[in-house]
Amino acid sequence: MAYDKFNTLQSSAYPLPIENVDTDQIIPARFLKATERKGFGDNLFRDWRYNADGSQKEDFPLNDSKYSGKILVGGRNFGSGSSREHAAWAVYDFGFRCVISSFFADIFKNNCLNIGVLPVQVSDTFAKEIFEAIEKDPKTEIKVDLTNQTVTLLVTGNSESFDINSYKKENMLNGYDDIDYLQNMKEEIQEFVKTRPF
Amino acid sequence: MSTTLFDKVWDAHVIRKIEGGPDVFFIDRHLIHEVTSPVAFLGLKARGVKVMEPQRTFATADHNTPTINQHLPVEDPLSANQLKALEENSKEHGILHWGLGHENNGIVHVVGPENGITLPGATIVCGDSHTSTHGAFGAIAFGIGTSEVEMVLSTQCIMQPKPKKMRINVEGSLGKGVTSKDVALYIISQLSTSGATGYFVEYAGTVFDEMSMEGRMTVCNLSIEMGARGGMIAPDDKTYEYIKGRRFTPKDEDWDKAMEYWKTLKTDEDAIFDKEYTFQTSDIEPMITYGTNPGMGMGISNDIPTTDVVQEGKATYEKSLNYMGFDQGDSMLGKKIDFVFVGSCTNGRIEDFRAFASIVKGRKKAAHVTAWLVPGSHIVEAKIKEEGILDIINEAGFELRQPGCSACLAMNDDKIPAGKYSVSTSNRNFEGRQGPGSRTLLASPLVAAAAAIAGKVTDPREFLN
């Protein structure tokens, strides 16, 4: 499924300064029973966001009305564990288009790239600076520029460049997905299949 | 040029290299289950495309399935709907489907090897991170997301940047009461839960040479828990002996031809890895976890580390111990437990039940412990009965349930209640993994057996001669 194009994003952000946030926290397994991709945002961080009786946990950042925006800033090693793409869908469905962390787990990062959520990896120092800026002013804005591969904390003007492979970058800028690419090389794939021993 | 086992298998599957981008990577075998495939099939429908190579995809129902009364309709309508979707999608696209109750049904990473779907030198993917299990056979196997499931269904390829290479050597023989699970939990405790992110691991050294195929599967299964995409072990005579004659293993001339290829699958002597670790078995004792990620594990006789020596930030570490209800410096030995779960793609094979039975034989389950023993497949279940293990565990006060993922991720009714402690042979001790509020202690089947008998965390060596 082709997705929204991503060029620049300027937005305030939700902070989640916890390390090793695994995809079971992002979306618990009991909410993976749908056969369609919709409604996952409601259960994003379900057990951190809600009490067992369904009431909101007021101190969780996603429930705190002082925070807003399309960027989620997470602690180190964000998205570890299960390969469930539902975690990336939940992040997207809640309204995020970008996740910033000083380190991402592989599969979660891939899944984000495949659905049009931009994972931006920054240094530990810059991540700390971003968390501090949000704590000081929850409305502080971050600018993510995919073309130039930079992320800027507008209040200080401090900026860092981030990595993304040029193929995925083109995809994100244009809203293309991998299946479009692969469909176009089907004949080449069919030739390759004939050479496989099993 | 000298190359690694991983290079040899990876490079043989690259159809096209994209400059500054991923490789177009061919997939030999694709496993699907009910949870991560339905949206991929919807995608195919939206694009109006068919499955390109249906005979390379295999479907089994496992994540959602009940572990009692499997002959009755599934009660939970959402689970029933996913199972039905898997069945219908498989039928529509000509994919072999082992649904609930089928004699070949079971956990996807148990039935793959059992049926010879898993082969050395093959590339294997599944929308499940524990696909790394199949690396035990010298395959490149890893978990993928649903978008990638759709790619494989429609084009038999995915787009992947080649990971970096890591080798983990473990030298020596296993001590009494120490299993493959302990080796894996030890490695993860040393590397942390993100220590191998970006890498594909090759396991080497005497401990893996001596390990059974099932033990190797347990180790490779847990590769993802240190962040690695996958882990693999070079095929040897044990590998060939295991796969020979299974349902989808090549036969006759095809076997001979495949063997010629498989024998080339090893790392050249002077090949270079991006990172290499060496550990000694003399440092490994039965392991147990005390926190909320699999890196938070230690030898069962140690004390829970204090914040000044841990890698995580202090706040994250304290949050984790607080969730578990443990204090820094606590000993795990003697902690009362409520549940025991034996099963999962990590430890749901016949050797795991043999190990469990070796300790519970002639003893009795602690009265306050609820134990769920869940075989990884119907084939495992049948062996448990054939070998007399069922009688042993029944006499000790345990019951056997029916195959599936069960309490490993608690998608079905097998949920550990909030606040309760579970000694589990599965793979993840994340918050709420075994049910909202559940507290998981990961361990081997021997440690699980000792806990089930004693009703508290106990060194299994106390029960072994």
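These are my notebook entries on a few spots I looked up in this predicted model.

**Entry 1: the domains of chain B**

I began with how chain B is divided. Domain 1 covers 5–162 + 236–262, and domain 2 covers 287–458. Taken over C-alpha atoms, the centres of these two domains of chain B are 28 Å apart. I then looked at the contact between them, to which domain 1 of chain B gives 20 residues and domain 2 of chain B gives 21 residues. Which helix gives the most to the domain 1 side? I found helix α4 (residues 108–114) of chain B there, with four residues. I also sorted the domain 1 side by class, and got five nonpolar, twelve polar and three charged residues.

**Entry 2: G376(B)**

Next I went to a glycine in chain B. G376(B) sits in the loop between β16 (370–373) and α14 (378–386) of chain B. Is G376(B) buried or exposed? I counted 29 other C-beta atoms within 10 Å of G376(B), so this glycine is buried. The cut-off I needed for that step is 20 or more.

I listed what G376(B) touches, leaving out residues up to four places away in sequence. The list holds G106(B), I107(B), V110(B), G343(B), C345(B), G348(B), R349(B) and P403(B).

**Entry 3: K364(B)**

I stayed in chain B for a lysine. K364(B) lies in the loop between α13 (350–360) and β16 of chain B. With 12 other C-beta atoms within 10 Å, K364(B) is exposed; the cut-off here is 12 or fewer. Apart from neighbours within four places in sequence, K364(B) is in contact with A396(B) and G397(B). I looked up A454(B) as well: A454(B) and K364(B) are 90 residues apart in sequence, and 8.8 Å apart from C-alpha to C-alpha.

**Entry 4: where chain B meets chain A**

Then I turned to the contact between the chains. Chain B gives 65 residues to this contact and chain A gives 50 residues. On the chain B side, I noted the elements that give two or more residues: β1 (14–17), β2 (23–26), α2 (38–47), α3 (77–93), α5 (146–155), β8 (157–160) and α10 (252–262). Which of them gives the most? That is α5(B), with seven residues. By class, the chain B side has 27 nonpolar, 26 polar and twelve charged residues.

**Entry 5: two helix pairs**

I looked at one pair in chain A. Helix α3 (residues 86–94) and helix α4 (residues 106–115) of chain A have axes that come within 9 Å and cross at roughly 50°. This makes α3(A) and α4(A) oblique to each other. The crossing of α3(A) past α4(A) is right-handed. From α3(A), I found A87(A), A88(A), W89(A) and Y92(A) meeting F108(A), N111(A), C112(A) and I115(A) of α4(A). The residues of this contact come to seven nonpolar, one polar and no charged.

The other pair is in chain B. Helix α6 (residues 180–191) and helix α8 (residues 213–221) of chain B pack with their axes 8 Å apart, at an angle of about 25°. The crossing of α6(B) past α8(B) is right-handed. S180(B), K181(B), V183(B) and A184(B) of α6(B) make the contact with G215(B), T218(B) and V219(B) of α8(B). Here I counted three nonpolar, three polar and one charged residue.

**Entry 6: two positive phi values**

Last, I checked two backbone angles. N77(A) has a phi near 60°, a positive value in a residue other than glycine. N77(A) is placed in the loop between β3 (71–74) and α3 of chain A, and counts as buried with 28 C-beta neighbours inside 10 Å.

S192(B) is not a glycine, although its phi is positive at about 80°. I located S192(B) in the loop between α6 and β10 (199–204) of chain B. S192(B) has 21 C-beta neighbours inside 10 Å, so I put it down as buried.

Conventions: Residues numbered from 1 in each chain as written. Chains lettered and ligands numbered in written order. Predicted model: local features only at pLDDT ≥ 70, side-chain atom pairs only at ≥ 80, totals over all residues. Contact = placed C-beta atoms within 7 Å. Domains from an automatic or database assignment. Nonpolar A, V, L, I, M, F, W, Y, C, P; charged D, E, K, R; others polar. Axes fitted to C-alpha atoms, helices over the stretch in contact; angles between N-to-C directions. Parallel < 35°, antiparallel > 145°, perpendicular 65-115°, else oblique. Left-handed = near helix turned anticlockwise from the far one by under 90°.
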